[in-house]
Amino acid sequence: MIASNEYVVQEAETRRGQWKAVFGNDNPIQIEIGMGKGQFLTELARRNKTVNYVGIEKYSSVLIRAIEKRSQEDLPNLLFVRMDAEHIGEVFGEGEVERIYLNFSDPWPKDRHAKRRLTSKEFLARYEKCLTRDGDIQFKTDNRQLFAFSLEQAAEAGWETKEVTYDLHHSDYLEGNVMTEYEERFSAQGNPICRMVLVKVR
Ligand code: SAM
């Protein structure tokens with residue numbers, strides 16, 4: 001089913017450097033990596049009609065839920081790609097993406113799996129190539145270990161961290177916050193939500 005879905009861009013690497021043409025306008029492009037069922041990005045697409053959004057998700061079983069939401073409303077500024085984020089540089093060209101959202105990324109708690117964490121230095125280097133010069137990464141998680149790891153990796157890789165909070169829902173940065181599925185679940189359990197914004201120092 002996903003293979004033929006009109007909202008899922010197939011052979012996305014053939015669109016590298018041409019995403020504005022894919023959307024048919026010059027609006028900026030923002031992406032969410034590890035979108036899950038797509039609640040967050042669908043809401044952003046509803047609110048911001050002059051931004052184009054691409055939701056990236058590794059697994060069809062989850063992506064299908066985002067497609068169901070997308071098919072129920074007219075959101076021409078929202079498309080999906082099924083892929084492993086490891087290949088992000090093959091799908092987006094240099095400076096093609098204005099913002100990357102990482103929400104409740106898998107923590108990969110074992111040390112030997114650190115490179116798989118979506119905020120590792122290895123992933124940050126991939127993101128740097130796709131982002132515009134003043135682009136940023138916005139990261140939310142309830143996992144304090146992953147958050148601490150991400151702060152360290154960002155500093156080592158030459159990224160400035162901004163708007164750092166260990167309790168987003170009781171912070172000055174709450175205004176305009178869009179809740180993800182995991183954020184709703186974890187905050188309902190009483191877990192504070194951490195958030196940071198990363199900007200590459202050039
Ligand atoms: N962002 C959503 C939220 O906050 O509700 C979902 C969070 S869920 C814990 C993490 C999602 O990231 C899963 O759907 C998983 O399949 C996806 N994911 C993990 N690693 C990925 C990768 N390397 N590339 C693309 N998606 C990935």
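Reply: Start with burial. Buried means under 20% relative accessible area, exposed means over 50%, and partly exposed lies in between (1.4 Å probe, protein chains only). Accessible areas come from the Shrake-Rupley method with a 1.4 Å probe, and for residues only the protein chains shown count as cover. By that scale E68, at 36% relative accessibility, is partly exposed. This is a predicted model, in which local features need pLDDT of at least 70 and side-chain atom pairs count only at pLDDT 80 or more, while totals for chains, interfaces and linings use all residues. Residues are numbered from 1 along each chain as its sequence is written, and side-chain values use heavy atoms, with hydrogens and water left out.

Me: Which residue forms a salt bridge with R65?

Reply: The general idea comes first. Side chains of opposite charge can pair when their charged atoms come close. The cut-off here: a side-chain nitrogen of Lys or Arg within 4 Å of a carboxyl oxygen of Asp or Glu. R65 pairs with E68, and their closest N and O atoms are 3.1 Å apart. Both residues sit in helix α3 (residues 60–71), three residues apart, about one turn of the helix. R65 is partly exposed, at 39% relative accessibility.

Me: How are helices and strands assigned?

Reply: They are DSSP runs, numbered from the N terminus: helices are H or I with at least four residues, strands are E with at least two.

Me: How many salt bridges does the structure hold?

Reply: The count is 10. Among them is the bridge between the side chains of E156 and K121, at 3.0 Å from N to O. E156 belongs to helix α6 (residues 144–156) and K121 to helix α5 (residues 121–130), so this pair ties together parts that are 35 residues apart in sequence. E156 is exposed, with a relative accessible area of 52%. K121 is partly exposed, at 35%.

Me: What links E43, R46, R47 and E73?

Reply: A network of salt bridges joins these four residues.

Me: Is the pair E183 and K140 buried or exposed?

Reply: Both residues are buried. E183 has a relative accessibility of 0%. Its side chain meets that of K140 in a salt bridge of 2.6 Å, N to O. E183 lies in helix α7 and K140 in strand β5 (residues 131–141), so the pair ties together parts that are 43 residues apart in sequence. Helix α7 covers residues 181–188.

Me: What else is in contact with E183, leaving aside its neighbours within four places in sequence?

Reply: Contact means heavy atoms within 4.5 Å. With those neighbours set aside, E183 touches F104, K140, L168, H169, N177, V178 and I193.

Me: Where is K49 found?

Reply: K49 is in the loop between α2 (39–47) and β2 (52–57). Neighbours within four places aside, it contacts N27, D74, L75 and N77.

Me: Which residues gather in a patch of negative charge on the surface?

Reply: First the rules. Patches are made of residues with over 30% relative accessible area and no salt bridge; like charges are joined within 9 Å, and nonpolar side chains (Val, Leu, Ile, Met, Phe, Trp, Tyr) within 5 Å. Lys and Arg count as positive, Asp and Glu as negative; His and the chain ends are not counted. A charge is placed at NZ of Lys, CZ of Arg, CG of Asp or CD of Glu. Here E11, E13, E86 and E90 form the negative patch. E13 lies in the segment before α1 (19–23). E13 is partly exposed, with a relative accessible area of 45%.

Me: What is phi of F104 and of W108?

Reply: Most residues other than glycine have a negative phi, and most peptide bonds are trans. F104 has a phi near 55°, a positive value in a residue other than glycine. W108 also has a positive phi, near 40°. F104 is in the loop between β4 and α5, and W108 lies in the loop between β4 and α5 too. F104 is buried at 10% relative accessibility, whereas W108 is partly exposed at 28%.
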